[in-house]
There are 2 protein chains.
Amino acid sequence: MEVLAECRLTRARAGLLHTPHGSIATPVFMPVGTQATVKGLTQRDLAEDLGVPILLANTYHLYLRPGHELIRRMGGLHRFMSWPNAILTDSGGFQVFSLSGLRKITEDGVIFHSHLNGDLHTFTPQSTVEVQLAYGSDILMALDECPEFPVSHESARESMRRTLRWARQAHQYYIDRVSSEAPPAGGLFLIVQGSTYADLRRECAQALVELNADGYAIGGLSVGEPRPLSLNMVEAVEALLPREKPRYAMGVGMPAELAEYVARGVDMMDCVLPSRNARNGYLFTSEGRLIIKHARYKDDPRPVDERCECYTCRSYSRAYLRHLFLAGEMLYAILATRHNLRRYLDIMREIRHAILSDTFPEYLRSVRAMCADAG
Amino acid sequence: MEVLAECRLTRARAGLLHTPHGSIATPVFMPVGTQATVKGLTQRDLAEDLGVPILLANTYHLYLRPGHELIRRMGGLHRFMSWPNAILTDSGGFQVFSLSGLRKITEDGVIFHSHLNGDLHTFTPQSTVEVQLAYGSDILMALDECPEFPVSHESARESMRRTLRWARQAHQYYIDRVSSEAPPAGGLFLIVQGSTYADLRRECAQALVELNADGYAIGGLSVGEPRPLSLNMVEAVEALLPREKPRYAMGVGMPAELAEYVARGVDMMDCVLPSRNARNGYLFTSEGRLIIKHARYKDDPRPVDERCECYTCRSYSRAYLRHLFLAGEMLYAILATRHNLRRYLDIMREIRHAILSDTFPEYLRSVRAMCADAG
């Protein structure tokens, strides 16, 4: 990736990440399209209306349904879901560890039961790369093991070292497969694990950097650990990662945390919060969170966020959204998701603009002051 | 309404219906927006993408939630739901009789329990006009009684005559109220009832015509009677209705029936079928019905209807829609509803074009031939 600007005080940087489906302005937030759809939005809403340059889709979910071979036959995930921009697919590791009730980890990979019908499946470092190649993902992720929180140092080390061995295998498999492929594949990112232990995180990062991967992710965050610890884990490894490679903090974060991750050198993030919270009635605004079911919005003619320019805020009132929410209408989720995603994308644009105009430290201060005000 | 063309063989006509929110090309199909939203579509999708000139909303549902006084305070239904085109609200009668478990009909009106929380409410001919005036509807409907099917001739007559008395009261109340209103209201339509008895239907129509209403609806159709009977009931009364007034067949019909109603002099129709069937996996195409969950569509790269130009058909495959349907994804309902509504609107455009170009008899023959082929 091209680094275009770096903050004079923090580790924040703005750049351009080149993929087979377009160049992506970073830092970037990736909406989550678990089953090849961002819940409630069309691909046109996402690409044209919101200007989303890259989506995340879930390797695990799409592997189980409709299946990677079907997606391959349909011409890959972009064509299957009619998505013109870039796609990152995760490793499947996190879902195997969070959704599958029964699973067995071996040196070769992980054996698990489908959460849909109980069928037995195996993911190996090689097979998950193969699955993601079938998808035609722009960015693939290597299989990793996601330990729960809390976990002992010894277990975390054992797990991290297995993730490391898997990363080497995935990396080698990817290189062999891609060199034989006609169309240019994207890149394979490797994932730094090590739970909440800085020494393990560093050991993992150092070993992964030797593989000269296309990018590095920091995984195993937001699994229940205290929020400051998540940021500490990023701090622990970021300086070890090569400057010219993108860094991706997986599964984060809350709106006010986005700038904190960027301040620690993160270029890419993803999170279900904007879409999931939207559906549950929690709307993010430039003045904090708004819980739409509250009676005070019953006849409130104002938009969700008076400073927001999304379709929802330009066209509909809090009163109407509250009515739709209470009536259980699908349009509520459609409009709320659109707003919350726009809010995240706007924050990322503000952050990028601040870095490029050399005002990121001031921006970060204002975000922190607003958080302190909000208690 | 202006009648622009009449079929040389059938009773079909094409015209323009003028409302405070635009002139509507007839014959017209009105999508149903029960709770001030057409399930799964934004108002922009409806107005700009599909070109819907008039929506139907349910007096009963909106009266219970969020309430007509709230909608009045919010500036009326158009402003509340951000809808630029015309709105027709039904009388509430049908919902009282189909949704409310407990209800009592008196000479004055109907007392019923809310299906939401059991609260007791009363609808009278006057109150339902008042509720619809609060909504600011372009077209209001008078309170009617919807008898079940089958019902004895005696009960049907008693019920029809009550509907007639209610219609006179609603009509008088509307005239008194509108003459005192500053902004021009739309019109109040009266509803012909009489179950499946042609003599009662005629008696009802003749009496209603004397009131010189803004339009006439044929109600109580599609309540379980054999389909030919519904068409017979339209035939029984249509010639009695004034030529220059719009005629509205309530709650119909299947795609192949639309031309049949038009052939019998109907200008307006509404039905939940395109949207409800879409959600349930039934898609209407120019070649008949398509059940999206069928395994044969698993890897079918074709659009739902190769001759359709809707966003869904231009962008997505049957395979992708089937995946979304089986995965329970909201985007399935969004895309399917958009397609089915487009199909209905396309049929209405074909019908109108046929009438205006004097080819409606041939068009009707081709529709009938296709139905016969489909068995």
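# A guided look at two chains

Visitor: Where is A:Pro150 in chain A?
Guide: Look in chain A for a stretch between a strand and a helix (DSSP runs numbered from the N terminus: helices are H or I with at least four residues, strands are E with at least two). The peptide bond from A:Phe149 to A:Pro150 is cis, with omega near -5°. A:Pro150 itself sits in the loop between β10 (139-141) and α7 (153-179) of chain A.

Visitor: What kind of model am I looking at?
Guide: Residues are numbered from 1 along each chain as its sequence is written, chains are lettered from A and ligands numbered from 1 in the order written, and side-chain values use heavy atoms, leaving out hydrogens and water. Local features need pLDDT of at least 70 and side-chain atom pairs count only at pLDDT 80 or more, while totals for chains, interfaces and linings use all residues, since this is a predicted model.

Visitor: Which three residues supply 19% of the area that chain A buries against chain B?
Guide: Chain A and chain B each bring 42 residues to their contact (heavy atoms within 4.5 Å). The area buried between them is about 3,400 Å², with 59% from carbon and sulfur atoms; buried area is the accessible area (1.4 Å probe) that two parts lose on being put together, summed over both. The trio that supplies 19% of chain A's share, more than any other three residues, is A:Arg44, A:His323 and A:Met330.

Visitor: Is B:Arg307 buried or exposed?
Guide: B:Arg307 lies in the loop between β16 (288-291) and α12 (311-315) of chain B. Leaving aside residues up to four places away in sequence, B:Arg307 touches B:Ser286 and B:Glu287. The cut-offs for relative accessible area are under 20% for buried, over 50% for exposed and partly exposed in between (1.4 Å probe, protein chains only). The relative accessible area of B:Arg307 is 61%, so this residue is exposed.

Visitor: How far is the sulfur of A:Cys7 from the closest cysteine sulfur?
Guide: A disulfide is a covalent bond between the sulfur atoms of two cysteines. The structure holds 0 disulfides over all chains, counting pairs of cysteine sulfur atoms within 2.5 Å. A:Cys7 is buried, at 10% relative accessible area. The closest cysteine sulfur, in A:Cys371, is too far for a bond, at 18 Å.

Visitor: Which cysteine has the sulfur closest to that of A:Cys313?
Guide: A:Cys313 is also buried, with 8% relative accessibility. The gap from its sulfur to the closest cysteine sulfur is 3.8 Å, so the pair is too far apart for a bond. That closest sulfur belongs to A:Cys310.

Visitor: What is the phi of A:Ser195?
Guide: A:Ser195 is found in the loop between β11 (187-192) and α8 (198-209) of chain A. A:Ser195 is buried, with a relative accessible area of 8%. Although A:Ser195 is not a glycine, its phi is positive, at about 50°.
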